[in-house]
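Biologist: Can you walk me through this model? Please start with the terms.

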Amino acid sequence: MFPILETERLRLREIVLSDAEAIFTCFSNNDVTRYYGQDPLTKLEQAEQFVEFFAKNYREKRGVRWGIELKETNELIGTIGFNAWSPKHMRAEIGYELQPQYWRKGYATEAVKKVISYGFDNLGLTRIGAIVFLENAASNELLKKLGFEKEGILRNYMYQNGVAHDTNVYSLVK
């Protein structure tokens with residue numbers, strides 16, 4: 001059964017096919033995807049494929065992705081989860097995004113804290129990593145604030161719109 005996590009203002013829940021429109025709204029926005037390492041979505045079908053991809057990753061224990069839902073309105077405002085999950089090596093990489101109108105309101109901090117706690121306490125992780133574009137000041141600040149340590153720079157690590165970008169690599173160890 002997919003784990004549902006709750007914070008004061010948020011419900012982190014399974015992403016289902018009926019969320020495809022909200023996923024499309026988020027991932028078709030250039031402001032959201034500019035530091036994501038992928039081009040913006042252009043068709044709803046692509047969002048439906050994302051939903052299937054998230055479900056498949058969870059079934060195969062390669063990742064877990066929650067929809068970030070506002071408790072007050074039941075609106076899906078973004079996603080968060082673990083990529084590159086390796087139960088054998090007890091590690092995963094965290095990733096997240098929010099629709100721009102929800103930036104700088106503490107939602108990402110609230111969600112990331114909860115997912116970190118779940119990773120260490122329920123998934124048995126000993127290391128949580130993060131890969132962040134150098135230019136993504138908000139995400140770099142958030143991770144440092146939550147205790148992640150910068151381990152270095154991965155040169156030309158991710159492509160966005162056909163251009164190679166350097167990324168910071170962070171870790172948080174239990």
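Modeller: Buried means under 20% relative accessible area, exposed means over 50%, and partly exposed is in between (1.4 Å probe, protein chains only). This is a predicted model: local features need pLDDT of at least 70, side-chain atom pairs count only at pLDDT 80 or more, and totals for chains, interfaces and linings use all residues. Residues are numbered from 1 along each chain as its sequence is written, and side-chain values use heavy atoms, with hydrogens and water left out.

Biologist: Fine. Is G106 buried or partly exposed?

Modeller: G106 counts as partly exposed, because its relative accessibility is 33%. G106 sits in the loop between β5 and α4 (107–121). Helices (H or I, at least four residues) and strands (E, at least two) are DSSP runs, numbered from the N terminus.

Biologist: How far apart are the C-alpha atoms of G106 and V64?

Modeller: They are separated by 22 Å, and the two residues are 42 residues apart along the chain.

Biologist: Zoom out. How many helices and strands are there?

Modeller: The protein chain has 5 helices and 8 strands. Their order from the N terminus is β-β-α-α-α-β-β-β-α-β-α-β-β.

Biologist: What share of the residues is buried?

Modeller: Buried residues make up 45% of the 174.

Biologist: And the contacts?

Modeller: Contact means heavy atoms within 4.5 Å. Of the contacts with a separation of 6 or more, 60% come from residues 24 or more positions apart.

Biologist: Now α1. Which of its residues are buried?

Modeller: In α1 (residues 20–27), the buried ones are A20, I23, C26 and F27. Seen down the axis of α1, they fall within an arc of 125°, so they line one face of the helix. The arc is that of the directions from the helix axis to the C-beta atoms.

Biologist: Why would that spacing give one face?

Modeller: An α-helix has 3.6 residues a turn, so residues three or four places apart point the same way.

Biologist: What does that face pack against?

Modeller: The buried residues of α1 pack against α2 (30–33), α3 (44–59), β4 (76–86) and β5 (91–98).

Biologist: Backbone next. Which residues other than glycine have a positive phi?

Modeller: K61 is one, with phi of about 55°, and M90 is another, with phi near 55°. Most residues other than glycine have a negative phi. K61 is in the loop between α3 and β3 (64–70). M90 is in the loop between β4 and β5, and M90 is partly exposed at 38% relative accessible area.

Biologist: And R91?

Modeller: R91 belongs to strand β5. R91 is partly exposed, with a relative accessible area of 39%.

Biologist: What does R91 touch?

Modeller: Beyond its neighbours within four places in sequence, R91 contacts A84, W85, S86, L125 and R127. The C-alpha atoms of R91 and L76 are separated by 27 Å.

Biologist: Last one: E14. Which strand is it in?

Modeller: E14 is in strand β2 (residues 10–14). E14 is partly exposed at 37% relative accessible area. Not counting residues up to four places away in sequence, E14 touches F2 and D19.
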